[in-house]
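This briefing is meant to be read with the sequence and the 3D structure open. Please have both at hand before going on.

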Amino acid sequence: YTTLFRSFFNLKYSSQGNLDPWSVGGVSKNISSTVLSYVIDKAPHCMDLMYDYPDDPQSVRDGKKFLN
């Protein structure tokens with residue numbers, strides 16, 4: 001998958017939650033020093049893209065900070 005991402009996508013980062021059923025097929029490690037992966041503990045698919053909520057786990061808050 002690393003070669004695929006380097007060849008076809010202009011990614012800066014990839015994020016996913018470890019509660020996402022698709023996470024096993026996602027990018028879970030940095031591809032390079034400029035293409036980063038961030039796995040958010042206790043988060044489902046796309047939770048890092050949602051509005052901020054007071055009930056967000058700290059891991060989601062940290063992930064949003066990383067991605068911004």
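The points below cover the fold and confidence, the helices, the loop and its salt bridges, and the surface.

The model is predicted. Its chain has 68 residues and holds two helices and two strands. The mean pLDDT is 76, and 79% of the residues score at least 70.

**Fold and confidence**

- Along the sequence, the elements come in the order α-β-β-α.
- Of the contacts with a separation of 6 or more, 32% are between residues 24 or more positions apart.
- Buried residues make up 28% of the chain.

**Helix 2**

- Helix 2 spans residues 58-67, and its buried residues are S59, V60, G63, K64 and L67.
- These residues lie on the same side of helix 2, because they cover an arc of only 135° around the axis.

**The salt-bridge network**

- The structure contains two salt bridges.
- One of them pairs D52 with K64, with the closest N and O atoms 2.9 Å apart.
- D52 sits in the loop between strand 2 and helix 2, whereas K64 belongs to helix 2, so this pair ties together parts that are 12 residues apart in sequence.
- Through shared partners, the salt bridges join D52, D56 and K64 into one network.

- D56 lies in the loop between strand 2 (36-40) and helix 2.
- Is D56 buried or exposed? D56 is buried, as its relative accessible area is 9%.
- Which residues does D56 contact, leaving aside its neighbours within four places in sequence? D56 is in contact with M47, Y51, R61 and K64.

**Other points in the loop**

- K42 is found in the loop between strand 2 and helix 2. K42 counts as exposed, at 56% relative accessibility.
- The phi angle of K42 is near 60°, a positive value in a residue other than glycine.
- Y53 is also found in the loop between strand 2 and helix 2. Y53 is partly exposed, with a relative accessible area of 44%.

**Surface**

- The accessible surface of the chain is about 5,300 Å², and carbon and sulfur atoms account for 57% of that.
- A nonpolar patch on the surface is formed by M50, Y51 and Y53, which together have about 400 Å² of accessible area.

Methods: Residues are numbered from 1 along each chain as its sequence is written. This is a predicted model: local features need pLDDT of at least 70, side-chain atom pairs count only at pLDDT 80 or more; totals for chains, interfaces and linings use all residues. Side-chain values use heavy atoms; hydrogens and water are left out. Buried means under 20% relative accessible area, exposed over 50%, partly exposed in between (1.4 Å probe, protein chains only). Helices (H or I, at least four residues) and strands (E, at least two) are DSSP runs, numbered from the N terminus. The arc is that of the directions from the helix axis to the C-beta atoms. pLDDT is the predictor's confidence in each residue, from 0 to 100. Contact means heavy atoms within 4.5 Å. Accessible areas come from the Shrake-Rupley method with a 1.4 Å probe; for residues, only the protein chains shown count as cover. Patches are made of residues with over 30% relative accessible area and no salt bridge: like charges are joined within 9 Å, nonpolar side chains (Val, Leu, Ile, Met, Phe, Trp, Tyr) within 5 Å. A salt bridge is a side-chain nitrogen of Lys or Arg within 4 Å of a carboxyl oxygen of Asp or Glu.
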